[in-house]
Amino acid sequence: SVTALLRPEGDAETIDESGVTGIKVATVARARAVGYAAAYETVVPDTGAIAMPISPPDSKVPLVIAVAGLAPRIKNAQTRIVTEMKKAIAALASPA
């Protein structure tokens, strides 16, 4: 499962249930370092996605938020999307 990829004890070389393979240890390490993962044309042609973990204060389970769409649009707006996602996640963590 994808979750196994993000656990230190998990196998970072494959995603078993989806049939997608070839996720490299370096890819997972980079996602952890920058705080998000971006994937383009890996599962469905012409699509892309950016995903980030979120940890609302009242949640005890790991959660993820993602933005997906046509690969060129997501790729061209990646910096803006990442910035807006980080703002939204920060707002979730702030007390109301």
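This is a guided tour of one chain, stop by stop.

**Before you start**

The model is predicted, so local features need pLDDT of at least 70, side-chain atom pairs count only at pLDDT 80 or more, and totals for chains, interfaces and linings use all residues. Residues are numbered from 1 along each chain as its sequence is written, and side-chain values use heavy atoms, with hydrogens and water left out.

**Stop 1: the whole chain**

Show the chain as a cartoon. There are four helices and three strands. Helices (H or I, at least four residues) and strands (E, at least two) are DSSP runs, numbered from the N terminus. Follow the chain along its sequence and the pattern reads α-α-β-β-β-α-α.

Now colour by accessibility. Buried means under 20% relative accessible area, exposed means over 50%, and partly exposed lies in between (1.4 Å probe, protein chains only). The chain has 96 residues, and 23% of them count as buried.

Contacts come next; a contact means heavy atoms within 4.5 Å. Take the contacts between residues at least 6 apart in sequence: 31% of them join residues at least 24 apart.

**Stop 2: the largest nonpolar core**

Select Y36, Y40, I50, M52, I54, A71, I74, A77, I81, V82, M85 and I89. These 12 residues make up the largest nonpolar core. Such a core is a set of buried Ala, Val, Leu, Ile, Met, Phe, Trp, Tyr and Cys residues joined through side-chain atoms within 4.5 Å.

Which elements each supply at least two residues of this core? They are β2 (47-54), α3 (71-76) and α4 (78-93). The largest share, four residues, comes from α4.

**Stop 3: I89**

Stay in helix α4 and pick I89. Is I89 buried or exposed? I89 is buried, because its relative accessible area is 16%. Show its surroundings, leaving aside residues up to four places away in sequence. I89 then touches M52, P53, I54 and I65.

Draw a C-alpha to C-alpha distance from I89 to I54. The two are 35 residues apart in sequence and 6.2 Å apart in space.

**Stop 4: Q78**

Move along helix α4 to Q78. Q78 counts as buried because its relative accessibility is 17%. Its side chain makes a polar contact with the side chain of Y36, at 3.2 Å. A polar contact is a pair of N or O atoms within 3.5 Å; within protein, one must be able to donate a hydrogen and the other to accept it, and residues adjacent in sequence count only if both atoms are side-chain atoms.

What else does Q78 contact, neighbours within four places in sequence aside? Besides Y36, the list holds A38, Y40 and I50.

**Stop 5: a charge over a ring**

Select Y40 and K75. The charged end of K75 sits over the ring of Y40, 4.8 Å from its centre. The rule here is that NZ of Lys or CZ of Arg is within 6 Å of the ring centre and within 35 degrees of the ring normal.

**Stop 6: the salt bridge**

Side chains of opposite charge can pair when their charged atoms come close. How many salt bridges does a search of the whole structure find? It finds one. A salt bridge is a side-chain nitrogen of Lys or Arg within 4 Å of a carboxyl oxygen of Asp or Glu.

Select K87 and E84. They form a salt bridge, with the closest N and O atoms 3.3 Å apart. K87 and E84 are three residues apart in helix α4, so about one helical turn separates them. E84 is partly exposed, at 43% relative accessibility.

**Stop 7: two loop residues with positive phi**

Most residues other than glycine have a negative phi. Go to the loop between β1 (37-40) and β2, where E41 lies. E41 is not a glycine, yet has a positive phi of about 55 degrees. E41 is partly exposed, at 49%.

D46 is found in the loop between β1 and β2 too. Its phi is near 65 degrees, again positive. D46 counts as partly exposed, at 47% relative accessibility.

**Stop 8**

Select G35, in the loop between α2 (25-34) and β1. G35 is partly exposed, with a relative accessible area of 30%. Residues up to four places away aside, G35 touches M52 and P53. The C-alpha atoms of G35 and K86 are 51 residues apart along the chain and separated by 9.1 Å.

End at D58, in the loop between β2 and β3 (63-70). D58 is exposed, at 68%. D58 and A93 are 35 residues apart in sequence and 9.3 Å apart in space, C-alpha to C-alpha.
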